[in-house]
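Open the model in your viewer and keep the sequence beside it. Each stop below says what to select and what is there.

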Amino acid sequence: MRGKNFKIRLLIGAAIALFFVVKRCSQREENPYTGRVQTISMSSTEEIQIGIASAPQMAQQHGGLHPNTEYQAMVDNVGNKLINNSIARETPYQYEFHLLADPNTINAFALPGGQVFITFALFSKLENEDQLAGVLGHEIGHVLGRHSAERIAESDFWQGLATAGSVGADAGGLVSGIGQNTLLTNGRDDELESDDLGVKFMLKAGYNPEEMIGVMEILKAAAGPNRVPEMQSTHPDPENRIEKIRESIQKYKNAS
Ligand SMILES: [Zn+2]
């Protein structure tokens, strides 16, 4: 009887797996702003809603907004200049730039739909407006590249396959192992795509894209000599990113 049960379980597992593969194929769409085909399970309106709903909590985790209105205005000006001179203006996203009070964590990040954040710790390390444009351009790249939405769709998919695997042949652990690696790889690609888009936006807005490399140097110095080897990290090594940024600068300079 054990054999018969196993067959049924295998069939159910295969059916679930097929469902998720078909669902995934139907979620494939071309990003009109990057030209890249990606798996997306939510609308841009939903992305905007998620971003706006999560923004206050994000700010709170980094000591709230920075009280200096002059600095905040600087961040707004540079961010808006990047948007108004690039394809980012044509997207449905509602961009907002927030300077966070956090004096210790050197970081910048973006929520889906256009909420962009930079900590004061990173802001205060920047040497010029071009570097600020580099940081914000990179974050706008994450928004326009729909990286969070893509990550969510991917994790739904692997979750589904892991379920199918555990019903079918108790191989769920194995399948979710593959899933995690895929997620990490996507994370690395996200960073490189955002760097590339950042360079493009900088050039369009009249900023010096070489300063994106300056930003990488700052991140490299901040990480210190004990940084995690690149393969183990979800973020590509700044050195690796510098090489790719140089390629992007050449590419977009030749194109214009
Ligand atoms: Zn990034």
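This is a predicted model: local features need pLDDT of at least 70, side-chain atom pairs count only at pLDDT 80 or more; totals for chains, interfaces and linings use all residues.

Residues are numbered from 1 along each chain as its sequence is written, and side-chain values use heavy atoms, with hydrogens and water left out.

**Stop 1: the zinc ion**

Select the zinc ion together with His138, His142 and Glu191. Donors are N, O and S atoms within 2.8 Å of the metal (3.2 Å for Na, K and Ca); water is not among the atoms, so sites may look incomplete. Along the chain the donors follow the spacing H-x3-H-x48-E.

What angles do the four donor atoms subtend around the zinc ion? They subtend 51 to 131°, which makes the arrangement irregular. Four donors count as tetrahedral if all angles lie between 85 and 135 degrees; four count as square planar and six as octahedral if opposite donors are over 155 degrees apart and all others between 65 and 115; anything else is irregular.

Now select helix α5, residues 129-144. Helices (H or I, at least four residues) and strands (E, at least two) are DSSP runs, numbered from the N terminus. His138 and His142 are separated by about one helical turn, because they are four residues apart in α5. An α-helix has 3.6 residues a turn, so residues three or four places apart point the same way. Are these two histidines buried or exposed? His138 is buried at 6% relative accessibility, and His142 is buried at 13%. Buried means under 20% relative accessible area, exposed over 50%, and partly exposed in between (1.4 Å probe, protein chains only).

**Stop 2**

Select β3 (96-100) and β4 (108-110), then β5 (residues 115-119). The three strands form an open sheet in the order β3-β5-β4, with mixed pairing. β3 and β4 are the edge strands, each pairing on one side only. From one strand to the next the twist averages 15°. Two strands pair if DSSP finds at least two bridges between them.

β3 and β5 run parallel and are joined by five bridges; here Phe97 stands opposite Val116 of β5. β4 and β5 run antiparallel and are joined by three bridges. Ala108 has Ile118 as its bridge partner in β5, and Phe109 stands opposite Phe117. Select Gly113 next: this residue lies in the turn of the β4-β5 hairpin, which has four residues between the strands, and has a positive phi of about 90°.

Gln115, Phe117 and Thr119 point one way from β5, and Val116 and Ile118 the other way. Five of the five residues of β5 are buried, so the strand is largely enclosed by the rest of the structure.

**Stop 3: Tyr71**

Select Tyr71 in helix α3 (residues 69-84). Tyr71 is partly exposed, with a relative accessible area of 30%. Not counting residues up to four places away in sequence, Tyr71 touches His66, Leu99, Phe120 and Phe123 (contact means heavy atoms within 4.5 Å). Tyr71 and Leu99 are 28 residues apart in sequence and 7.7 Å apart in space, C-alpha to C-alpha.

**Stop 4: helix α8**

Finish with α8 (residues 211-223). Its buried residues include Glu211, Met212 and Ile218.

Definitions and conventions:
Axes are lines fitted to C-alpha atoms, for helices over the stretch in contact, and angles run from 0 to 180 degrees between N-to-C directions. The expected span of a helix is 1.5 Å times one less than its number of residues.
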